[in-house]
Amino acid sequence: MEILKIENLSKVYGKGETAVTALDNVSFSVKKGEFVAIIGPSGSGKSTLLHMLGGVDRPTSGKVLVDNTDIYNLNETQLAIFRRRQIGLIYQFYNLIPVLTVEENITLPILLDEHKVDQKQFDDIVKILNLHSRLNHLPNQLSGGQQQRVSIGRALISNPAIMLADEPTGNLDSKNSGEIIDLLKMFNKTFNQTLLVITHDERIALQADRVIVIEDGRIAKDEVIRP
Ligand SMILES: Nc1ncnc2c1ncn2[C@@H]1O[C@H](COP(=O)(O)OP(=O)(O)OP(=O)(O)O)[C@@H](O)[C@H]1O
Ligand SMILES: [Mg+2]
């Protein structure tokens, strides 16, 4: 089943002489549960693509269908709700809220939705991420690997269908990097969560089911490694 369908997606930043075409008519689909690595040179459009898929920023033209919903047909409020419930986003520099504790950072998407936190689910996530002894700490009291585990927790708490990670290990040493990828893979395999990871690390790309190469805002190569 196709969970994600991208049709003729383009993104142009700016206007006139300074306009930059970051994405140029990109189309592809992703199956539910697939683990896709996205690679390509700096400035090729990888982060732009991920932002378009996650409903973070609107494309200039083209469509993004998530579970058959055309997400850019939604109004801003609907799009914000879609993003919170369906998409887990992980960044290189964690993007945690500095004044909130680990527990508050993880549960934030649920509280923003005015829902009640499922205590068992929260406990399970904290256990898997090995954060139980850090729940009342602030982000700046944590190591890089721990901060990234918190951001994974925050991304997982609403059980999103799709996890989007933009160089999630770009700021970590190889041990922490391996742990983070193993966690993402575990959620991908165990819960059939669709996983798209931008990476410059070949070892990570080789663990994916499929590798998409972006060059100059276009798909230069799209290769299934594990059918
Ligand atoms: N907000 C913006 N305004 C103007 N241009 C932008 C903006 N964001 C990105 N760009 C341009 O779009 C192009 C693609 O950028 P993008 O961040 O998607 O690249 P990337 O593949 O993620 O690169 P990197 O590997 O360095 O993270 C670049 O030329 C960049 O300068
Ligand atoms: Mg980028």
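Student: Which strands form the open sheet, and is the pairing parallel or antiparallel?
Tutor: Keep in mind that this is a predicted model. Four strands form the open sheet, in the order β2-β1-β4-β5. The pairing is antiparallel.

Student: Which strands stand at the edges?
Tutor: β2 (20-31) and β5 do. Each has a single partner strand, so one side of each has no neighbour in the sheet.

Student: What holds strands of a sheet together in general?
Tutor: They pair through backbone hydrogen bonds, and the sense can be parallel or antiparallel.

Student: How many bridges pair β1 and β2?
Tutor: There are 8 bridges, in the antiparallel sense. For one example, look at Ile 6: its bridge partner in β2 is Phe 28.

Student: And how many join β1 to β4?
Tutor: 5 bridges join strand β1 (residues 2-13) to strand β4 (residues 61-66), and these run antiparallel. Find Leu 4, and you will see Val 66 of β4 opposite.

Student: What about β4 and β5? How many bridges there?
Tutor: 2 bridges, again in the antiparallel sense. Val 66 has Thr 69 as its bridge partner in β5. The two strands, β4 and β5, form a hairpin with 2 residues between them.

Student: Which residue in that turn has a positive phi?
Tutor: Asp 67, with a phi of about 50°.

Student: Let me ask about Asn 8. Where is Asn 8 found?
Tutor: Asn 8 is in strand β1. Its phi is near 45°, which is positive although Asn 8 is not a glycine.

Student: Why does Asn 8 count as partly exposed?
Tutor: Because its relative accessibility is 43%. Partly exposed covers the range between buried, under 20%, and exposed, over 50%.

Student: Where is Asn 192?
Tutor: Asn 192 sits in the loop between α6 and β8. Phi is positive there too, near 55°. Asn 192 counts as partly exposed, at 36% relative accessibility.

Student: New topic. How many residues of strand β3 are buried?
Tutor: 4 of the 5 residues in β3 (residues 35-39) are buried, so the strand is mostly covered.

Student: Which way does β3 pair with β8, parallel or antiparallel?
Tutor: Parallel, over 4 bridges. Strand β8 spans residues 194-198. Ala 37 stands opposite Val 197 in β8.

Student: How many bridges join β3 to β9?
Tutor: 4 bridges, and β3 and β9 (residues 210-215) run parallel. Here Ile 39 stands opposite Val 213.

Student: Now a helix. Is α1 mostly covered or mostly uncovered?
Tutor: Mostly covered: 6 of the 8 residues in α1 (residues 46-53) are buried. Among them are Leu 49, Leu 50 and Met 52. Lys 46 is buried as well.

Student: What comes just after α1?
Tutor: Gly 55, which takes a positive phi of about 70°.

Student: How many residues are in the largest nonpolar core here?
Tutor: 36 residues. Ile 106, Ile 152, Met 163 and Leu 184 touch the most other members. Helix α6 (residues 174-191) gives the largest share, with 5 residues.

Student: What is Ile 152 in contact with?
Tutor: Leaving aside neighbours within four places in sequence, Ile 152 is in contact with Ile 90, Leu 129, Met 163, Ile 180 and Leu 184. Apart from this core lies another, of 30 residues, which includes Ile 38, Met 52, Leu 74 and Phe 82.

Student: Last topic: pockets. What volume does the largest pocket have?
Tutor: About 390 Å³. The pocket is lined by 14 residues. Arg 84, Ile 87, Leu 89, Pro 109 and Arg 154 lie nearest its centre.

Student: How does the lining divide into nonpolar, polar and charged?
Tutor: The lining has 8 nonpolar, 3 polar and 3 charged residues.

Student: Which elements each supply at least two residues of the lining?
Tutor: α2 (76-86), β6 (87-90), α3 (102-112) and α5 (144-156).

Conventions. Residues numbered from 1 in each chain as written. Chains lettered and ligands numbered in written order. Predicted model: local features only at pLDDT ≥ 70, side-chain atom pairs only at ≥ 80, totals over all residues. Heavy atoms only, no water. 1 Å grid on protein atoms, 1.4 Å probe; cavity = no way out; pocket = protein on both sides within 12 Å on 5 of 7 lines; lining within 4 Å. Points joined across faces, edges and corners; volume = space filled by probe spheres on them. Nonpolar A, V, L, I, M, F, W, Y, C, P; charged D, E, K, R; others polar. Core = buried A, V, L, I, M, F, W, Y, C linked by side-chain atoms within 4.5 Å. Buried < 20%, exposed > 50% of the residue type's maximum accessible area, 1.4 Å probe, protein only. Contact = heavy atoms within 4.5 Å. Pairing = 2+ DSSP bridges.
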